[in-house]
Amino acid sequence: GNAASAEELRSCKIGGCCGKDTPLLSHEAVLVRLQAIPQWTISADRKAINRRLIAKNWKAAMQFLNEVSALAEEEGHHPDLHLTGWRNVEVSLTTHAIGGLSLPDMVLAAKIDHIQVECSPKWLKEQDSAKEQGFNPDETTSERFAVVNRYIELANDHNQQGLLGMLASPCNMFGEPASPEGMAWYFDTYTDVKFEVTTRPCLISRGDPHTIRVGYSRSWRKGNGKRQKVEVDEFFTLGPEGKITHIGYLQPPTSAVDVE
């Protein structure tokens with residue numbers, strides 16, 4: 001249940017255990033495991049992961065799909081397989097019985113990535129070129145970065161109504177449902193709280209274009225008038241309509257230190 005790295009996932013045995021009692025992976029658990037399977041992309045509704053490739057030819061595509069099929073039979077967990085244009089391959093994984101992602105999906109994805117496939121040389125060259133150039137955000141991703149920056153600006157202004165207006169309904173904040181009462185408690189507890197970005201917004205992984213990572217220093221004034229500060233590594237997940245559906249920590253905040 002704790003397998004997270006590619007090696008750990010590949011060492012698991014599914015054994016046909018998927019059913020209506022299979023646990024859904026939490027939002028945070030999916031984020032962690034997506035980093036172990038970078039060739040896969042999560043769907044906008046976060047219920048499936050997909051891998052696409054262009055094989056060298058029909059024979060290579062069918063050989064790959066047949067090996068995936070044999071693996072699926074052995075594991076007792078079956079992906080959706082698509083072949084179009086005679087060599088464009090797509091593999092989609094979800095746990096249908098529970099309508100979302102489970103650990104067996106991640107396990108099978110890691111095992112599929114271990115299958116050799118002869119890809120189009122042109123397509124491979126394009127993939128290598130994209131890696132060398134680094135990530136250049138498209139317009140949609142840039143808009144998501146702007147949403148996170150705007151959220152931090154409103155937080156620095158202590159604009160609670162503005163912040164609530166950026167949240168989806170429901171929105172999960174650090175494991176709890178977001179609410180006006182919770183927002184008011186936060187700003188009452190952390191007097192004169194300020195946020196200073198230390199790591200600009202970026203994608204947490206290429207496989208999740210909906211989740212943005214940002215690092216910042218959070219400081220507030222204590223009862224004795226002195227300020228304390230912690231370093232925070234946080235994520236924001238945005239839904240299809242551009243509103244924030246999840247906020248949480250990628251790492252626990254550092255211990256508070258006094259600020260001059």
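This is a predicted model: local features need pLDDT of at least 70, side-chain atom pairs count only at pLDDT 80 or more; totals for chains, interfaces and linings use all residues.
Q: Which residue caps the N-terminal end of α6, and what makes it a cap?
A: The cap is D138, a side-chain oxygen of which lies 3.3 Å from the backbone nitrogen of T140. A polar contact requires N or O atoms within 3.5 Å, and the 3.3 Å of this pair falls within that limit.

Q: Which residues of α6 are buried, and what is found just after the helix?
A: The buried residues in α6 are T141, R144, F145, V147, V148, Y151, I152, L154 and A155. Just after α6, H158 adopts a positive phi of about 60 degrees.

Q: Why is helix α2 (residues 27-34) described as largely enclosed by the rest of the structure?
A: Six of its eight residues are buried, and α2 is therefore largely enclosed. The buried residues are H27, A29, V30, L31, R33 and L34.

Q: Why is H77 called buried?
A: The term applies under 20% relative accessible area; H77 has 5% relative accessibility and therefore counts as buried. H77 is located in the loop between α3 (58-75) and β3 (80-84).

Q: What makes the pairing of H77 with D105 a polar contact?
A: The side chains of H77 and D105 make this contact at 2.7 Å, and the cut-off is 3.5 Å between N or O atoms.

Q: Which residues are in contact with H77, leaving aside its neighbours within four places in sequence?
A: H77 is in contact with I14, C18, A72, L93, T94, T95, P104, D105 and L108.

Q: Why does P79 count as buried?
A: Its relative accessibility is 13%, and P79 therefore counts as buried, the limit being under 20%. P79, too, has its place in the loop between α3 and β3. Beyond residues up to four places away in sequence, P79 touches V68, A72, V91, S92, L93 and L108.

Q: How far apart are P79 and S142 in sequence and in space?
A: The two residues are separated by 63 residues in sequence and by 32 Å in space, C-alpha to C-alpha.

Q: Why is S92 called buried?
A: S92, in strand β4 (residues 88-93), has 11% relative accessibility and so counts as buried.

Q: Which side chain makes a polar contact with that of S92, and which residues does S92 touch?
A: The side chain of N50 is the polar partner, at 2.9 Å. Not counting residues up to four places away in sequence, S92 touches A48, I49, N50, P79 and D80.

Q: What percentage of the residues in the chain is buried, and how many helices and strands are there?
A: Of the 260 residues, 43% are buried, and the secondary structure comprises eight helices and 11 strands.

Q: What percentage of contacts between residues at least 6 apart in sequence joins residues at least 24 apart?
A: The share is 62%.

Q: What are the extent, the accessible surface and the charge of the chain?
A: Along the principal axes, the C-alpha atoms fill a box of roughly 70 × 45 × 30 Å. The accessible surface comes to about 14,200 Å², 50% of it belonging to carbon and sulfur atoms. There are 28 positive and 34 negative side chains, and the centres of the two sets lie 3 Å apart.

Terms used
Residues are numbered from 1 along each chain as its sequence is written. Side-chain values use heavy atoms; hydrogens and water are left out. Helices (H or I, at least four residues) and strands (E, at least two) are DSSP runs, numbered from the N terminus. Buried means under 20% relative accessible area, exposed over 50%, partly exposed in between (1.4 Å probe, protein chains only). A polar contact is a pair of N or O atoms within 3.5 Å; within protein, one must be able to donate a hydrogen and the other to accept it, and residues adjacent in sequence count only if both atoms are side-chain atoms. Contact means heavy atoms within 4.5 Å. Accessible areas come from the Shrake-Rupley method with a 1.4 Å probe; for residues, only the protein chains shown count as cover. Lys and Arg count as positive and Asp and Glu as negative; His and the chain ends are not counted. The place of a charge is taken as NZ of Lys, CZ of Arg, CG of Asp or CD of Glu.
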